[in-house]
Amino acid sequence: MKSSWKPWRVLIGILLLQMGPLALPNLAQQATSDAIRVVQLTGLVGVKNKTKGTVKVENGTLQFVHAKAKTELAASTVEDVITGNDSQRAVHGFVGTLTMFAPYGSGRFLSLFRTKLDTLTLQYRDAEGALHGAIFTMPVGQADALKKLLIAQGAHTTLPTPDTAAAADAKPDTTKEHQP
Amino acid sequence: MKRYPQIAVAFFVLLGVAVLFPSLRVFAAPPLVSKASAVQVLMIESDEIKLPAEFQVSLYEDLIHQLEKNGGFQHVYRDGDKRAAEAVDRIVLHSSVRGFKKGSEMARQVTTVTGKTSIDVHCQFTDKDGKVLLERDLNGKVMFFGANLRATYDFAKKAAKLAHDNFVAAPAS
């Protein structure tokens with residue numbers, strides 16, 4: 001009688017068992033995100049308006065890295081996260097300004113070519129309870145993912161999307177006091 | 001016909017007086033509504049108008065920056081700041097959006113004359129007990145150059161000037 005026991009099948013079985021929990025949709029497990037290139041329009045303390053940098057949500061904080069400096073914002077201090085959309089000229093910045101003086105209306109023609117942007121608006125409180133607002137712009141499609149990550153790590157929103165609402169439900173409610 | 005030179009002379013004399021004696025303009029300035037060394041800015045309300053969140057936050061942040069820069073107050077406090085309670089002669093600025101028209105930056109850049117963004121805000125200054133000291137409707141707009149959010153900067157500049165003119169004494173010169 002030939003034995004059906006094969007080591008490689010057992011190995012695959014063990015691997016599948018180990019990988020199983022990772023396949024479950026558990027947003028709380030997403031402790032980190034890839035850095036997203038953003039422009040901070042206004043609002044972060046100690047950061048100039050219209051500063052370019054990268055933003056990452058990690059260990060319960062939103063980290064904005066710019067020019068070798070890092071600004072951190074605890075997700076739990078964020079009272080509202082709202083996404084939006086906007087657009088800007090495909091040729092923008094200083095070169096974009098120069099093109100406005102191009103002859104025969106070619107600068108105006110270039111204004112027709114635009115890139116879409118996502119905006120992420122935060123409202124948060126500092127240690128003194130003072131309310132701050134911050135606005136970021138980023139490539140289209142990134143803001144919703146960032147919002148979900150922030151909410152999964154303790155931020156609040158007044159406009160929950162279905163996904164973020166599910167994440168908020170899954171998250172343990174830290175505002176309630178546990179009675180002994 | 002021969003009176004034109006006299007009119008021109010009179011015009012330049014008046015112009016010279018206005019330039020050389022700026023103290024005359026001080027007398028024309030309105031009296032202060034109340035003297036205040038600190039102002040607290042509350043978050044912009046937009047119950048009547050659906051205002052995008054980025055405009056609401058931009059209005060609030062620009063208002064604070066302009067009051068710090070040009071308002072002349074010793075302290076500018078944010079909404080909810082616990083330290084504001086220590087300020088004795090503090091005024092509170094309540095702002096509510098009454099009108100909003102989101103224009104198009106592309107339309108402005110392409111046509112110059114269309115695509116204006118405009119925000120109408122009702123500003124109410126109260127003392128710390130809630131007594132109304134001054135109410136005014138202000139407008140912020142961007143007509144030619146700049147992004148839509150620049151309208152909030154325009155409003156903030158006007159609000160800071162209003163606060164300065166009515167609650168901060170001009171330095172004696």
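In this predicted model, strands β4(B) and β5(B) pair in the antiparallel sense over 10 bridges, and within that pairing B:His122 has B:Asp137 of β5(B) as its bridge partner. The two strands belong to an open sheet of 5 strands in chain B, which has the order β2-β1-β3-β4-β5 and mixed pairing. Because β2 (75-77) and β5 of chain B each have a single partner strand, they stand at the edges, and one side of each is left without a neighbour in the sheet. From one strand to the next, the twist averages 25 degrees.

Two helices of chain B are described against this sheet. Helix α3(B) lies across β1, β2 and β4 of chain B and runs at about 175 degrees to β1(B). Helix α5(B), for its part, packs on the sheet by touching β1, β3, β4 and β5 of chain B, and its direction makes about 150 degrees with that of β5(B).

| Helix | Strands of chain B involved | Angle |
|---|---|---|
| α3(B) | lies across β1, β2 and β4 | about 175 degrees to β1(B) |
| α5(B) | touches β1, β3, β4 and β5 | about 150 degrees with β5(B) |

Helix α5 of chain B covers residues 150-167, and its 18 residues reach 26 Å from the first C-alpha to the last, close to the 26 Å expected at 1.5 Å a residue. Which residues of α5(B) are buried? They are B:Ala151, B:Thr152, B:Tyr153, B:Asp154, B:Phe155, B:Ala156, B:Ala159, B:Ala160, B:Ala163 and B:Phe167. The cover over these buried residues includes strands β1 (38-41), β3 (90-101), β4 (117-127) and β5 (132-142) of chain B, together with helix α3 of that chain.

The largest nonpolar core has 61 residues, and those with the most contacts inside it are A:Val81, A:Phe136, A:Leu150, B:Val39, B:Val41, B:Leu63 and B:Leu67. One of these, A:Phe136, touches A:Val38, A:Val39, A:Gln40, A:Leu41, A:Val55, A:Thr119 and A:Leu120, when residues up to four places away in sequence are not counted.

Between the chains, the contact takes 17 residues from chain B and 19 residues from chain A. On the side of chain B that touches chain A, the elements giving two or more residues are α3 (53-70) and α4 (105-111) of chain B, and the largest share, 6 residues, comes from α3(B). By class, that side of chain B has 7 nonpolar, 3 polar and 7 charged residues.

Terms used. Residues numbered from 1 in each chain as written. Chains lettered and ligands numbered in written order. Predicted model: local features only at pLDDT ≥ 70, side-chain atom pairs only at ≥ 80, totals over all residues. Contact = placed C-beta atoms within 7 Å. Helix = DSSP H or I, 4+ residues; strand = E, 2+ residues; numbered from the N terminus. Nonpolar A, V, L, I, M, F, W, Y, C, P; charged D, E, K, R; others polar. Core = buried A, V, L, I, M, F, W, Y, C linked by C-beta atoms within 7 Å. Buried ≥ 20, exposed ≤ 12 C-beta atoms within 10 Å, placed from the backbone. Expected span 1.5 Å × (residues − 1). Pairing = 2+ DSSP bridges. Axes fitted to C-alpha atoms, helices over the stretch in contact; angles between N-to-C directions.
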